[in-house]
Amino acid sequence: MKNMWKLVAVLLAASMPTITAINLTVTDPASIKSVAATIAHGMMSYYTGNVTNTPATIGVLPPPYYWWESGAMWGAMMDYYHFTKDSSYNAVLTQALLSQLGPEYDFMVPLHQKDEGNDDQAFWGFAAMSAAEKDYPQPTIGKYSWVQLVENLWNTQVRRWDTTTCGGGLRWQIFDFNNGYTYKNTVSNGAFFQLSARLARFTGNQTYVDWANKSYDWAVNLGLITPDYHVYDGSDILKNCSDQNKVIWTYNAGIYLYGSAMMYNYTNGSALWETRTQGFFNATANFFSPYDNATNIMYEPACETVHTCNVDQFSFKGYLSRFMWATTLIAPFTKSATTQLLTASAKAAAVACSGPSDGVTCGEHWYYGGYDGKWGAGQQMSALETIQGLLIAGTTPPLHSGQVHLMSTPVSSTASVPKSTASPSPTKRSAAENNTALNKSYLIALFITTLFRSILVEAGFTT
C-alpha cells in the first residue's frame, strides 16, 4: 500500500503544471521591461472590447469594471509605452481613447451617463493629458489635439463648479439621477485641481493657474486637506459640508501630490508649492509599512488589511505609484525618498505576481510574500505602475506646448491586443473565461497541493 502511494505521489508530481514566477532585478532595465511587459499583457487580457468591436465595448473593460477604470488602464498603458518604448499596444490604446471622446469631444459619453461622474471623466482626461505631455501621436479623428481634448473636458467641469452649496466645488456625480449627486468628493475636486495645474504648465494660460489655486484653497478651507496634508474622502451637501468623511485613500493623496508638484514646477520652485508638495509626500507615509516585517511596502490602509477592498479600490495603489514616480521628474527633491519606497514596493509586488493559472498573475497584498488569490485588472494595474516606474530616470519630463509635434498617424479600427513577447508569457483568456478561469485554476491548484502533501505524508516522505 505504501509503495502504491509513492507511485501516485510521483505521478502527481509529474503532472503538476510548471509554476513560473516573475523574477525582477530592480537595477536592470532589461529585467524591468520584461516584467512590465508580462504584467501589462496580463492586464490587457481583461480587455476584449476591440475584438467584439461594438460601440458598447470598444475602449472599455467588461463588468464588473466601471467606465472610469478603463480610462485609468489606458493611462497606465500610456505610461507603459513611455517607459518601455514598446509600441505593441499603441493601436489599441489610440483606438480606445478616441472611442470615448463623445459627440462634443470632451469625454462626455451618452452611453455612460449612468456611470460617468466628474472623477470618472477626469481619469480619461489624465490619459489624454499624458498623451499631450508625452508627445504621443495626435488624434486621427476630429479637429482637436490631445491637449485641446483635455481643455474641452476641463471646460465642462468648470461650468459645473457649484457655488450654491458648500462655497463651491464639484459634485461627485454629473447627473442628478446617479447616487452620489449630493456628495462633494475629493477625487473629483483633486482631479480638477491636477488637470488645472497640468494645463497651466503645458499652456502657460493664467486661467488654469487661477483655477488650480481656487480649487486647492476650496479643499483646504472645507477641511478636506488637513494641516498635515492628509486628504479626506469628501463631504455631504445635505449637511452643508459641515463635516468630512475622514476615510483616506492612496489615490487622493497621489492626485494632490502630483498637482502640487506641477504647480511647484510651473512657478519655478516657489516656496509655497514646495512646502505643499513636500507635505503631501510626507503624508504618503500612511500608505507604507503596514507591519514591522513589511517595511516600505505599499498598501491600502482603508480596506486592505481587513479584506474589504472592492473592484475599484484594488487599483488605487497604482495611481499613487504613478503620481509619486511622475513627481520625481518635476520636483526632484522627492526622488531619493520616492525611489526608496517604491523600489521596495516594486520588489514585493513582483513577488505577489505569482498566481495561477499562468504563474504571473498579480495579487492584492504585496506584503504576503506571494500570491494571495486576489486577481483582477486593478491588481495588475497597481503592480504595473509601481514596477515600470523604476525606469523613470531614463525618461523625458512632461513637455510644454511648444515642444510637441502636431501630427497624427493612422490607427486601425480593428486593432487587436498583441501577444506578449516577454518570457514567461501569461495565458490569454477570453472575456467569458476571464473571471472563472483563474478562480478555478486557483482552487484546483490548492486542491492538488493539499492532496499532494497528504499523499507524501502517507507515503512516508515527510511528516
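**Exercise 1.** Find which side chain makes a polar contact with the side chain of Q206, and place Q206 in the fold.

*Solution.* The side chain of Q206 makes a polar contact with that of D210, at 2.8 Å, where a polar contact is a pair of N or O atoms within 3.5 Å, one able to donate a hydrogen and the other to accept it within protein, with residues adjacent in sequence counting only if both atoms are side-chain atoms. The model is predicted, so that local features need pLDDT of at least 70 and side-chain atom pairs pLDDT 80 or more, whereas totals for chains, interfaces and linings use all residues. Residues are numbered from 1 along each chain as its sequence is written, and side-chain values use heavy atoms, without hydrogens and water. Next, Q206 belongs to helix 9, residues 206–221, helices being DSSP runs of H or I with at least four residues, numbered from the N terminus. Finally, Q206 has a relative accessible area of 45% and is therefore partly exposed, the class between buried (under 20%) and exposed (over 50%) for a 1.4 Å probe and protein chains only.

**Exercise 2.** Describe the ends of helix 9 and what its buried residues pack against.

*Solution.* At the start of helix 9, a side-chain oxygen of N205 comes to within 2.8 Å of the backbone nitrogen of T207; just after the helix, G223 has a positive phi of about 85 degrees. The buried residues of helix 9, including Y208, W211 and W218, pack against helix 7, strand 1, helix 8, helix 10 and helix 11, contact meaning heavy atoms within 4.5 Å and strands being DSSP runs of E with at least two residues.
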